[in-house]
Amino acid sequence: MELNLQELNQTEFPVPAELENNIAITSLSQLYNWGRRNSMWPMLFGLACCAIEMIATAASRFDFSRFGFEVMRATPRQADLMIVSGTVTKKMVVPIVRLYNQMPEPKYVLAMGACASGGGPFKEGYNVVSGMDKYLPVDVYVPGCPPTPQALLYGMIALQRKIDGQSIANGDDVPWYGVGTAEPTPVPVLGADIIDPRQMDMIRRQAEAAANNAPAIGARELPAITQVAVTRTAVESAAVAEAAPVSSDALTFELPTGGVPWTEAEDIREKRRLRALARKALRATRRAAEEE
Amino acid sequence: MDNPALAPERQLDATTIDEATAYLQSEYAGAVTADDREGYQGVIIDRARLVEIARVIRDDLGFDYLSSATAVDYLGAGDHMEMVYHAYRTSGGGALVFKAQADRENTEIPSLVSVWSGADFQEREAWDLMGIRFPGHPNLKRILMWEGFHGHPLRKDWREAYYEEEQKPFDSRWPGGHVHRAEEKNVFGKNVSYPPEIDLNRLMDTSESAVYQSLGLGVDVERIMDKDGFETNELVVNMGPHHPSTHGVFRMVLTVDGETVTSLEPVMGYLHRNHEKIGERNTYLHNIPFTDRLDYISSMGNNHGYVLAVEQLMSMGRRYNPPTYRCEALRVMMVELSRIVNHLWAIGFWLNDIGAFFTPVLYFVQERERILDFFEAVAGSRMMCNYMRFGGLFADLPERIKSVSNLTNDRVRDYNTMQFLTEMINERIPRTIDDLERLLTQNEILLERSIGVGVLSRDDAINYSAAGPLLRGSGVAYDIRRAEPYSIYPELDFDVAVEEEGDMYARYRVRVAELRESVRILKQILPRLEATAGESIWADGKPGAYAPRIPHGEAYGRVENGKGELGYYLVSAGGRGGSANPWRYHVRAPSFINLTPMGIMSRGYKVADIVGILGSIDIVLGETDR
């Protein structure tokens, strides 16, 4: 959050009368985060279509400098924030990981758009990495294809809120004050297909298994079709997680059949509507209580 | 260089395409046969005599401009690979289509680089993605994928790691009510598959060394003594893929002698997102939003080329209604508006590249915002408009438009659409162009930086298949809107912008002139919209087929997009009632092919000029790498 000087001046600590309005008392974390959140320089780095909207966000109409994303720097050495603006390809992920390693800490990654978040419309492509988070830790995901400048601004402000929540007292929040230098993220290798060094062992085991004509190790099979996770009781009690799987016979029983079609569905819809209204009312009372 | 366009007396008396194909068939009987597959056109040339006959096509028949060269894999339909070439005359007219076939195993088709240098990158792409070898090609390396990648992904029997089914729409992504993600089925949880013969003991990343190999580096640093006895070393400068002025993830490897560039090699593929492979699984309709993401600055133009190609195919079958007049007028208006966006953007970022860092471009981005507001109101999205449909459009103009009245304070106002358009076309855009010209056209610094830099001669421009402002800036008055008119362009009054010098400044002048011509076209569109108000955008007043079934055949639809000739080559496998998915879907991307002459254009200029030359070509990486 922004530092409110008015609020900071009103403190329970005794401040001499002549220094009132000149001394502010706050926590170190808050001051530290205030500085960081308001000088978050993004890297001048565009990948694809989203980069065009990123430029539009930087331009005069939207202007992210207003929020502390002052200026874009072309070199990773001067940047705090990597906006992954577009489709990450296997060929490009190698330089991206290298760029990330070159950024000084604290550093953040914002995945802009559907492609950077999870592959987007190009996910099935043979040269497309299905999401930046397969290789780098991502702090904020902004949906959209491409996200509008407003959405990107919202994502950037969400990142600022994330920084607000970090504490200098918590080692996990500020790992860059740890002992020694940080481990760089291993740079992928472009071999027959892209190779993530962190998966080397696994690739080796698969290759050995293939050489011995053994089935692939650890291949995940889809659950059998007879198991149905979502049941009607689950819908009614809204306790989806606890619902026990039931057999497919139960499913056929639940589905509306001939005669008067969809009356049950109407029922469910009506119940959902009532529950939504109840939740809304509950929220309103809570908000009213908070305001008081 | 022997330029056929300058020697018309050598041309035979074969003016029409039919006469040209008839001449080839009679003169080279046995080597040239007509392509008589249903819905196909052109001739099939025996590959043993391909180069010889291609030279005849260029010199004697006058088809001096090789627009597109691409490969098709006919697995299960003749089991051969086929190269398809579309050659045009720069004087205008239709395409002479010729093809060469070879077996799928150890495919070899002679290279045509010696005839048209513009075939260079396109043949490398065919090798990379289809696995066709081109004996005689000077530098046959992979271009979009990296050296060392397993297999040739556009072959019909090559399947990617996330492969699900041959054609969309897939049966169900929720089999039995279970939603699953593609990652869950892959052992590695990623979009990867390793060939069984992978040798992990000799694991090497050869992609980088392959790039530098052809430059002869790492062997011996050449010492050069120039006239004044000043010793310089030749060294290699790598620009990109992360570089602020390569317009995306483009990369250039330069060899420089001091400050002077001695050779330049474009390296691309960093945004290769498998547009064509994905497109061959999609239904025809699915592909429209994908085309938006090709040249993402002017998505309307991309839509237009694609729907024209599909409409060509549809018109071969029954039940096809051509678009109405209002639909055509709206299409042309959208395309011209996106051309304005494109050229403003291109000029703005070119100025960035030659040193006017980010101040001028802000004004152009601001004007673009206004046009995007209009696109958003009409199509629902600012950039990815997804607006055109086969035989129609997504929607007619809305009654009213909500747009910001003043871009600095974002105050939203409610406008009447026609009033908004009239004001934008008659006042705002011309004012922006006037400002641009007043500040730039005679600007001393701009003149110093751009005149005589990055020269591309007329002959080279044609030979290298350059398109768009790059071609017209070199003195070739070739604009598809006039050379092979489509839509309602024949009845519109506009001139083809052309400049003779072939340098950066000439290209700038061409773009400014095209901005003015676009405004001129838009002014003619306005009364046409008024006159057709209330008319349907669809023939018969109801939307056409949602997922059309396309009859057997091939089509090449091309439009003059902001960056040059954008073409779509489509093959439909037909079948009973027609096919829902294209068998082959190829995009002839102007940004990609315009980079072919980048090497010769930058030789001898300074490093600082290189980014300017690249900016004056005006590329967009979504289209270059597809």
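At what angle do helix H9 (residues 325–353) of chain B and H10(B) pack, and how far apart are their axes? In this predicted model, the angle is about 165° and the axes lie 8 Å apart. Angles over 145 degrees count as roughly antiparallel, so H9(B) and H10(B) are roughly antiparallel to each other. Their crossing is left-handed.

Residues on both helices form this contact. H9(B) contributes, among others, Leu337(B), Ile340(B), Val341(B), Leu344(B) and Trp345(B). By class, the contact of H9(B) with H10(B) comprises 13 nonpolar, 2 polar and 2 charged residues.

The largest nonpolar core holds 223 residues. H9(B) gives the most to this core, supplying 17 residues. The residues with the most contacts inside the core are Val84(A), Val88(A), Leu110(A) and Met112(A). Leaving aside residues up to four places away in sequence, Val88(A) touches Leu47(A), Val93(A), Ile96(A), Cys115(A), Ala116(A), Val129(A) and Met132(A). In soluble globular proteins, nonpolar side chains tend to be buried together.

The two chains also meet each other. Their contact takes 57 residues from chain A and 58 residues from chain B. On the side of chain B that touches chain A, at least two residues each come from helix H4 (182–185), helix H6 (275–281), helix H10 (359–379) and helix H20 (621–625). This side of chain B has 31 nonpolar, 16 polar and 11 charged residues.

How values were computed: Residues numbered from 1 in each chain as written. Chains lettered and ligands numbered in written order. Predicted model: local features only at pLDDT ≥ 70, side-chain atom pairs only at ≥ 80, totals over all residues. Contact = placed C-beta atoms within 7 Å. Helix = DSSP H or I, 4+ residues; strand = E, 2+ residues; numbered from the N terminus. Nonpolar A, V, L, I, M, F, W, Y, C, P; charged D, E, K, R; others polar. Axes fitted to C-alpha atoms, helices over the stretch in contact; angles between N-to-C directions. Parallel < 35°, antiparallel > 145°, perpendicular 65-115°, else oblique. Left-handed = near helix turned anticlockwise from the far one by under 90°. Core = buried A, V, L, I, M, F, W, Y, C linked by C-beta atoms within 7 Å. Buried ≥ 20, exposed ≤ 12 C-beta atoms within 10 Å, placed from the backbone.
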